[in-house]
Amino acid sequence: IQEWDTLITDHPEGPYWDAAWEEKAYTQWGYLQRYPEAIDTLLNFAVAAPNHARAAEFIFDAGRVSEMRGELVPAIEYWERVATEYPDSTWSFRAQYLAGIAQYRLNEMALAADAFQRSLAHVSSSDERAAAYLWIGKANAALEDSEAARAALQLASDADRGSYYSI
């Protein structure tokens, strides 16, 4: 950790600066099981360099580390932050989608359906569109709104014929 901190502090313009933050966080959670510290490291990167190409990725990773700890509420907050603060990021669909999955896991079906609906604004492929609609359908089915569920599942089927989520 001390070596990563030295690299971060002494070489802020260096080519390995972002990798040092990433490796520090990985060391904290992967080897030391210091999950809160890893989350702080990832989030502090985004504070230190909010316009960095990897800022959205690091916030996304903070959500994954929170999820690994079984802390879904903060994970949802981090993932929704990615979609809100970095809507054009390649991480935004996956982040908003996982926020929906976490809401579903918490049995918050209305919030899950809403999160999946918001993920549609970030899709970059027909497979992602199909996945979002499938889970909108599942959440609506759990809410006992069979008409909305059926409509969403039809959209999933039509979005990417023959793919996993469409089938």
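## Salt bridges and aromatic pairs in a predicted model

Glu85 and Arg81 are joined by a salt bridge in which the closest N and O atoms are 2.9 Å apart; the term denotes a side-chain nitrogen of Lys or Arg within 4 Å of a carboxyl oxygen of Asp or Glu. Because Glu85 and Arg81 lie four residues apart in helix H5, about one helical turn separates them. Helices are DSSP runs (H or I, at least four residues), numbered from the N terminus. The model is predicted: local features need pLDDT of at least 70 and side-chain atom pairs count only at pLDDT 80 or more, whereas totals for chains, interfaces and linings use all residues. Residues are numbered from 1 along each chain as its sequence is written, and side-chain values use heavy atoms, with hydrogens and water left out.

Side chains of opposite charge can pair when their charged atoms come close. The search of the whole structure finds 12 salt bridges. Another one joins Arg118 and Glu80, with 2.6 Å from N to O. This pair links distant parts of the chain, since Arg118 belongs to helix H7 (residues 109-119) and Glu80 to helix H5 (residues 72-85), 38 residues apart. A further salt bridge connects Glu71 and Arg69 at 3.2 Å, N to O.

The table gives the relative accessibility of residues in these bridges. Buried means under 20% relative accessible area, exposed over 50%, and partly exposed in between (1.4 Å probe, protein chains only).

| Residue | Relative accessibility | Class |
|---|---|---|
| Glu71 | 30% | partly exposed |
| Arg69 | 38% | partly exposed |
| Arg118 | 32% | partly exposed |
| Glu80 | 24% | partly exposed |
| Glu85 | 42% | partly exposed |
| Arg81 | 24% | partly exposed |

The structure holds 13 aromatic pairs. Rings of Phe, Tyr and Trp (its six-membered ring) pair if their centres lie within 6.5 Å; planes under 30 degrees apart count as stacked, over 60 as edge-to-face and the rest as tilted. Trp17 and Phe45 form a tilted pair, 5.3 Å centre to centre with 40° between the planes. Trp17 lies in helix H2 (residues 17-31) and Phe45 in helix H3 (residues 35-48), 28 residues apart, and the pair links distant parts of the chain. Both Trp17 and Phe45 are buried. Tyr164 and Tyr165 form an edge-to-face pair, 4.9 Å centre to centre with 85° between the planes; Tyr164 is exposed, with a relative accessible area of 70%.

Ring pairs also link Phe93, Tyr97, Tyr104, Phe116 and Trp135 into a cluster.

Methods:
Helix = DSSP H or I, 4+ residues; strand = E, 2+ residues; numbered from the N terminus.
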